[in-house]
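Morning, everyone. I have one protein to show you today.

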Amino acid sequence: MQRPPTHRLYFEIILGLLVIFTIFAITGEEQILAERLVIDNNSGMALNTYDDKENGGNSSIYLEDAKNMQWHCILRESYSYPHCGFEVLFDKERTKGIDLRHYNKIRLWLDYSGPSQTVRISLRNFDPLYSKKEILQSTKYNQIEFNVALLNGVAEFSLKDFFVANWWVLENKIPPQLSHPQFDNITIFEVQSGSGRPLGKHQFRLHRVEFIGQALSTADWYLAIMMFWLCIILSFLAYRIIKLKDEVVIQRKRESELLEINELLDTRSKALEIKAKTDPLTGAFNRLGIEEAISLGLQEWHKYGKPLSLVMIDIDHFKQVNDQYGHDTGDLVLSNLSNIVQQHTRTQDLFARWGGEEFVLVCRNTDIESACAIADKLRELIAHQTLHKDIHITASFGVATLKTNENLEQLFKAADTALYRAKASGRNRVVTAV
């Protein structure tokens with residue numbers, strides 16, 4: 001039996017080791033690149049508490065055990081928005097904090113007992129563009145508010161879930177370009193009582209906070225692996241060119257042809273897929289097109305408790321438009337209405353034509369109040385727009401959110417029932433499911 005040449009055997013061994021290294025680099029990415037920032041009772045950071053007395057309130061807060069970060073507060077009714085809060089200061093001067101842009105998750109070990117249904121946490125960012133050292137509330141409030149039921153064990157959130165408090169934007173007259181979440185100079189981590197007026201005693205204990213990220217982004221990590229393999233491949237190609245130049249030229253030509261064919265097939269495949277999921281008249285998604293958004297929203301609802309809401313939309317007296325102006329004009333009205341809705345909804349929302357003059361808006365990570373606000377905004381926009389020549393129309397909206405022990409069929413039925421009530425009670429209105 002003829003043995004392979006020695007240099008070929010060495011090459012195969014080296015190649016095998018490189019493959020093993022690559023597999024380890026890919027599968028062990030999280031462990032290799034993991035980076036954590038921990039806040040606990042050993043962090044030695046300055047702490048601060050506050051209540052609503054500065055706002056004219058009569059609430060009180062008591063730091064029971066600073067070492068174990070344990071406090072309680074009593075909210076009283078003398079102020080419109082009674083509140084209390086606990087701060088961990090990354091910088092006592094509140095100006096030079098830490099950069100959290102490389103972190104993507106936050107884990108929270110927090111005990112709470114009291115009358116509130118929610119707790120709010122904030123990551124406050126200092127930036128000279130809008131912050132002043134002497135004005136404590138000028139630091140940007142990147143915050144998230146969640147149900148206290150999530151505190152059973154470890155609560156985990158993505159930093160993408162944080163949003164800038166609207167009251168802060170208005171109070172500090174922040175321009176739109178500076179009103180987005182910002183994490184490059186976080187000076188304060190804050191725990192605050194929830195919204196509403198949950199009067200009474202609130203008991204807190206903060207055990208631990210973890211910010212989880214990667215020293216290098218996944219994209220950069222894979223790029224480094226790709227660059228490494230690119231060097232290996234180029235070295236191998238150089239070797240092959242020296243030994244078998246003509247063969248390499250032919251092989252490259254074949255690879256180029258295959259790449260062109262694959263790109264052509266891939267482009268065609270994507271175009272057909274988009275066409276299959278899109279309503280040809282309005283450009284909105286069809287029923288097949290919203291399947292993915294509904295599936296993702298349902299998964300988020302089951303796994304993370306993120307609310308999933310549905311808005312059913314029906315054009316009022318649309319038959320009269322078709323009868324009076326013809327179906328071509330009716331089609332233009334449908335298309336223009338679709339454009340209005342898609343221009344004034346969020347990127348996370350998905351808009352689809354449900355059939356005829358009926359549409360559906362899938363709102364992921366959106367509670368019933370926010371979904372109603374979106375629906376009412378769309379209702380006003382539609383009512384005040386001239387959709388074609390001198391044609392003015394209105395639309396009715398039915399809003400529902402997925403409840404515990406409900407399925408998607410019940411969610412759609414609830415939204416449809418609310419839509420029926422909106423039309424039965426006079427049209428051009430938003431009605432929420434009971």
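Start with the aromatic cluster. Trp71, Phe86, Tyr112 and Phe204 form one cluster of aromatic residues. Keep in mind that this is a predicted model.

Now, how many aromatic pairs does a search of the whole structure find? Twelve. Take Trp71 and Phe204, which form a stacked pair. Their ring centres lie 5.0 Å apart, with 5° between the planes. Rings count as stacked when their planes are under 30 degrees apart, so this pair qualifies.

Where do the two residues sit in the chain? Trp71 is in strand β4, residues 70–75. Phe204 is in strand β12, residues 200–214. That puts them 133 residues apart, so the pair links distant parts of the chain. Buried or exposed? Trp71 and Phe204 are both buried.

Here is another stacked pair: Phe351 and Phe359. This one has 5.2 Å from centre to centre and 15° between the planes. Phe351 and Phe359 are buried too.

Let's zoom out. The protein has ten helices and 19 strands. Of its 434 residues, 40% are buried. Look at contacts with a separation of 6 or more: 72% of them come from residues 24 or more positions apart.

What about overall shape? A compact globule of 434 residues would have a radius of gyration near 22 Å. This protein has 29 Å. Its C-alpha atoms fill a box of roughly 90 × 75 × 45 Å along the principal axes.

Last, charge. There are 49 positive and 54 negative side chains. The centres of those two sets lie 3 Å apart.

How values were computed
Residues numbered from 1 in each chain as written. Predicted model: local features only at pLDDT ≥ 70, side-chain atom pairs only at ≥ 80, totals over all residues. Heavy atoms only, no water. Helix = DSSP H or I, 4+ residues; strand = E, 2+ residues; numbered from the N terminus. Rg over C-alpha atoms; globule rule 2.2 N^0.38 Å. Buried < 20%, exposed > 50% of the residue type's maximum accessible area, 1.4 Å probe, protein only. Contact = heavy atoms within 4.5 Å. Lys, Arg positive; Asp, Glu negative; His and termini not counted. Charge placed at Lys NZ, Arg CZ, Asp CG, Glu CD. Phe/Tyr/Trp six-rings, centres within 6.5 Å; stacked < 30°, edge-to-face > 60°.
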